[in-house]
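Here is a short report on one protein chain. Keep the sequence and the model in view while reading.

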Amino acid sequence: MSPQPTDAVIHWRDESDCQQFAERLAALVRPCLVQGGQVLIELRGTLGAGKTTFTRHLLRALGVQGRIKSPSYAVVEPHEVDALNIWHFDFYRFAEPREWEDAGFRDLFAAAGLKLVEWPDKAEGLLPPADLRMNLDILADEQRELTLSAATPQGQRWLGALQSTAKEVA
């Protein structure tokens with residue numbers, strides 16, 4: 001995936017970089033959620049790239065307490081914190097996009113709240129436009145390269161803010 005002009009490319013040296021990024025993103029997303037908005041973040045990358053690890057850090061930064069399970073087998077794990085609705089989806093096991101409709105997810109994606117989607121390509125053409133698309137790649141030294149792109153005006157604002165804070169941190 002080659003970066004587009006509006007993409008941001010960020011490197012995570014270790015998990016603490018991932019956590020710091022998740023905390024910055026949570027600070028941007030929270031006001032939208034508090035106002036009853038909708039947020040969709042797509043998480044792409046190979047198995048073991050860090051999609052679920054990032055999600056756990058983001059959910060913690062948003063205030064989720066207790067165990068945060070991967071939705072690999074359940075397909076979706078719901079969370080609620082401070083009246084904020086959050087759904088973590090993992091479509092890895094879907095054989096075709098039709099399974100998304102058969103599972104009845106259309107109503108969840110139409111509702112206010114945060115939707116984090118791992119393996120969104122398995123529901124290709126059925127999901128609304130993602131505010132942010134995150135593609136994680138594992139580099140040779142176990143560092144991560146995160147390529148971010150935005151498909152909505154809201155996502156573009158967040159992308160700009162994340163790019164400027166990434167430069168400050170680097």
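Which residues in α2 are buried? They are K51, T52, F54, T55, H57, L58 and L59. Buried means under 20% relative accessible area; exposed means over 50%, and partly exposed lies in between (1.4 Å probe, protein chains only). Helices (H or I, at least four residues) and strands (E, at least two) are DSSP runs, numbered from the N terminus.

This is a predicted model, in which local features need pLDDT of at least 70 and side-chain atom pairs count only at pLDDT 80 or more, while totals for chains, interfaces and linings use all residues. Residues are numbered from 1 along each chain as its sequence is written, and side-chain values use heavy atoms, with hydrogens and water left out.

**The sheet**

Seven strands make an open sheet with mixed pairing. Their order is β1-β7-β6-β2-β5-β4-β3. β1 (8-12) and β3 (76-81) are the edge strands; each has a single partner, so one side of each lacks a neighbour in the sheet. From one strand to the next, the twist averages 20°. Angles run from 0 to 180 degrees between N-to-C directions, with axes as lines fitted to C-alpha atoms, for helices over the stretch in contact.

α2 packs on this sheet. The helix touches β1, β2 (38-45), β3, β4 (84-90), β5 (113-118) and β6. Contact means heavy atoms within 4.5 Å. The direction of α2 makes about 165° with that of β5. Just after α2, G63 has a positive phi of about 105°.

Strands of a sheet pair through backbone hydrogen bonds, either parallel or antiparallel. Here, two strands pair if DSSP finds at least two bridges between them. The table lists some of the pairs.

| Strand pair | Sense | Bridges |
|---|---|---|
| β6 and β7 | antiparallel | seven bridges |
| β1 and β7 | antiparallel | five bridges |
| β2 and β5 | parallel | six bridges |
| β4 and β5 | parallel | five bridges |

Some partners can be named. L132 stands opposite A150 in β7. The bridge partner of W12 in β7 is R144. E118 in β5 stands opposite L43 and also opposite D90.

**Two strands compared**

In a regular strand the side chains alternate between the two faces of the sheet.

β5 is covered on both faces. G113, K115 and V117 lie on one side, L114, L116 and E118 on the other, and all are buried. Six of the six residues of β5 are buried, so the strand is largely enclosed by the rest of the structure.

Leaving out residues up to four places away in sequence, L114 touches L33, V39, I41, L58, L62, N85, I86 and W87. The C-alpha atoms of L114 and H88 are separated by 8.3 Å, though these residues are 26 apart along the chain.

**The second largest pocket**

A pocket is an open set of points on a 1 Å grid over the protein atoms alone, where a 1.4 Å probe fits, with protein on both sides within 12 Å along at least five of seven lines; lining residues have an atom within 4 Å of a point. The second largest pocket has a volume of about 160 Å³. Volume is the space filled by probe spheres set on the points, which are joined across faces, edges and corners.

How many residues line the second largest pocket? There are 14, of which L47, K51, T52, D90 and E118 lie nearest its centre. Helix α2 (residues 51-61) gives the most to the lining, with three residues. The lining divides into four nonpolar, six polar and four charged residues. Ala, Val, Leu, Ile, Met, Phe, Trp, Tyr, Cys and Pro count as nonpolar, Asp, Glu, Lys and Arg as charged, and the others, Gly among them, as polar.
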